[in-house]
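Student: I would like to learn how to read the features of a protein model. Can we go through some of them one at a time?

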Amino acid sequence: MKDAPRLETPPAPASRRREPRQLTNALLGIIAFALVLFLLVQARFILISLAIAIILFSLTSEAINAIARLHIGPVRIPNWLASLVALLLIASGLLTASAVLLAQANEVVTMVLAYAGPAQRAIAAMFGWMGEDVEAAVLDSIQQIEVAGYLSTLASQASSLLSAAVLITLFVGFLFAERIWFQAKLESLLGDPARAHNVADMVGRIMRRVNHYLLVKAMVSIVTSVIVYGVFKVGGFELALPVAVLTFALNFIPSIGSIIATGIAGLAVYVLTQDAAEALSVFAICGLVQFFIGNVIDPMLMGRALRLSSFGIIISLAFWGAIWGLPGMFLAVPIMVALMIICTQSPTLRPLAVMLSREGLPETED
C-alpha cells in the first residue's frame, strides 16, 4: 500500500519571525531605561557635581588656551600654570558663592520665622473678598503647613553646597589634568583619526553653544537682579539682597524661572508691608523688566545659537526637575543642547534632533 504524500508546512512569514525579536528589543529597551533612571536618581549628587564641573571646565578651557598663548617678554606662560590659576579661581569662586548662598539662606530662614504669623494672615487676607468663611478656611489650611520642616530641608540642602563645591573642584582639577590627552585618547579609542576629529568637533560645538547660552544668561540675570535689588532699595523694603540672588538664580530656568522670581518679589513685599498696592506695584515693575529683558534683550543676544523647541524645553525641565530636583532644572537646557547635537550626527537619532529643534533645523553655524 502506497504511503500518502506528506504535506509540507509553509514557512512562517518574515513579519511573524520579526515579532519576537522586536518584542525582546522593546523589553530590553524598557529595562535599560529603567536602569538608567535608577542610576540617575541614586547617584544624583555625584552626577550633578560632575555635570557642573564639565560646564565650568568648558567655560574656562578656551580661556586657558588663550592665556597659555600669551608671552611675558621672552617667557611663555605654561599650560599647567594657566590651568592651576584657573582651578584656584574656580575653587575660590565656588566657595565664595556657597558662603553667600548660605548667608542668604540663613537670612531668609530668620525672616520667615519672624514673619511666619503675619505672612499667613496676609496671604489669607487676599481671599477676604470671597467671604470671611473662605478667609478663615484659607488661614486654617496655611497654618497646618509645617514651615519648620521645609526650613530644615532648605537648611540641609544649603549645607551640602560646601561639600558639592569641594567635589566639583576635584572634578574640574582632574579634567584639567586630562585635557591635553583628550585627542590622543579619542584616536586610540576610535582607531580612526577622521572619526576622532569628528567627535572632537562635535564636543567643541556642544561646548561653544553651552558657553554662549550660559554667558548670555549670566549677563541678563545680573542686569535683572540688579534692577530688582534697586527696586527694593528705592522702596525701602527688606530682603533686597535675598530676592535679588533668587532672581539671578531663577532666571537660569527658562520660561518659568522669571515668572517664579516675579511672584516671589511681589509676595515678599506684600508679606513685609501687607499693602496690596505696593505689592502690585513691585510685581508690575519686576514683571515688565522680566518681560522686556526676556523677550527683547535675551533673544537679541542669544541669536540663533540655541534654536531649541519651547515645548521641548518644558518637557526637559519637567523630566530633569523630577529626576534631580532644582539643580536638574538649571541643567536642563545644557543637557538638551548636548543631546540635540549628538542626535544630529546619527541618522537613526536625527528625527529626535529635529523634534528638539525650534524650526526643525537642528544644524546651525557656530
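Student: Is D201 buried, partly exposed or exposed, and why?

Tutor: Keep in mind that this is a predicted model. Buried means under 20% relative accessible area and exposed means over 50%, with partly exposed in between. D201 has a relative accessibility of 37%, so D201 counts as partly exposed.

Student: Which residue forms a salt bridge with D201?

Tutor: The general idea is to look for a side-chain nitrogen of Lys or Arg within 4 Å of a carboxyl oxygen of Asp or Glu. Here the partner of D201 is R205, and their closest N and O atoms are 3.7 Å apart. R205 counts as buried because its relative accessibility is 15%.

Student: Where do D201 and R205 lie?

Tutor: Both are in helix α7, four residues apart, which is about one turn of the helix. A search of the whole structure finds one salt bridge.

Student: Now the aromatic rings. How many aromatic pairs does a search of the whole structure find?

Tutor: The search finds five aromatic pairs. For each pair, read the distance between the ring centres and the angle between the planes; an angle over 60 degrees counts as edge-to-face. F232 and F237 form an edge-to-face pair, at 5.8 Å centre to centre and 75° between the planes.

Student: Are F232 and F237 buried or exposed?

Tutor: F232 has a relative accessible area of 0% and is therefore buried. F237 is buried too, with a relative accessible area of 12%.

Student: What about the rings of F248 and F252?

Tutor: Their centres are 5.4 Å apart and their planes meet at 75°, so this pair is edge-to-face. F248 is partly exposed, because its relative accessible area is 29%. F252, at 15% relative accessibility, counts as buried.

Student: Which residues do ring pairs link into a cluster?

Tutor: F319, W320 and W324 are linked in this way.

Student: W324 makes me think of the core. Which residues have the most contacts inside the largest nonpolar core?

Tutor: In soluble globular proteins, nonpolar side chains tend to be buried together. The largest nonpolar core here has 36 residues, and those with the most contacts inside it are L308 and W324. Several helices each supply at least two residues of this core, including α2, α7, α10 (276-302) and α11 (310-324). The helix that gives the most to this core is α12, with 10 residues.

Student: How should I read a pocket? What is the volume of the second largest pocket?

Tutor: Read the volume, then the residues that line the pocket. The volume of the second largest pocket is about 1,000 Å³. Its lining has 32 residues, and I54, F57, F182, V203 and M207 lie nearest its centre.

Student: Which helix supplies the largest share of that lining?

Tutor: The largest share is 10 residues, and they come from α7. Among the helices that each supply at least two residues of the lining are α2 (44-68), α5 (147-178) and α6 (182-190). By class, the lining has 20 nonpolar, six polar and six charged residues.

Student: My last topic is residues that are separated in sequence. How far apart in space are Q290 and V220?

Tutor: Compare the separation along the chain with the distance between the C-alpha atoms. Q290 and V220 are 70 residues apart in sequence, and their C-alpha atoms are 9.8 Å apart in space. Q290 is in helix α10 and counts as buried, at 10% relative accessibility.

Student: What are the values for I293 and V223?

Tutor: I293 and V223 are 70 residues apart in sequence and 8.9 Å apart in space, C-alpha to C-alpha. I293 also lies in helix α10, and at 8% relative accessibility I293 counts as buried.

Student: Where is F45 found, and what separates it from A164?

Tutor: F45 is found in helix α2. F45 and A164 are 119 residues apart along the chain, and their C-alpha atoms are separated by 7.8 Å. F45 counts as partly exposed, at 40% relative accessibility.

Key: Residues numbered from 1 in each chain as written. Predicted model: local features only at pLDDT ≥ 70, side-chain atom pairs only at ≥ 80, totals over all residues. Heavy atoms only, no water. Phe/Tyr/Trp six-rings, centres within 6.5 Å; stacked < 30°, edge-to-face > 60°. Buried < 20%, exposed > 50% of the residue type's maximum accessible area, 1.4 Å probe, protein only. 1 Å grid on protein atoms, 1.4 Å probe; cavity = no way out; pocket = protein on both sides within 12 Å on 5 of 7 lines; lining within 4 Å. Points joined across faces, edges and corners; volume = space filled by probe spheres on them. Nonpolar A, V, L, I, M, F, W, Y, C, P; charged D, E, K, R; others polar. Core = buried A, V, L, I, M, F, W, Y, C linked by side-chain atoms within 4.5 Å.
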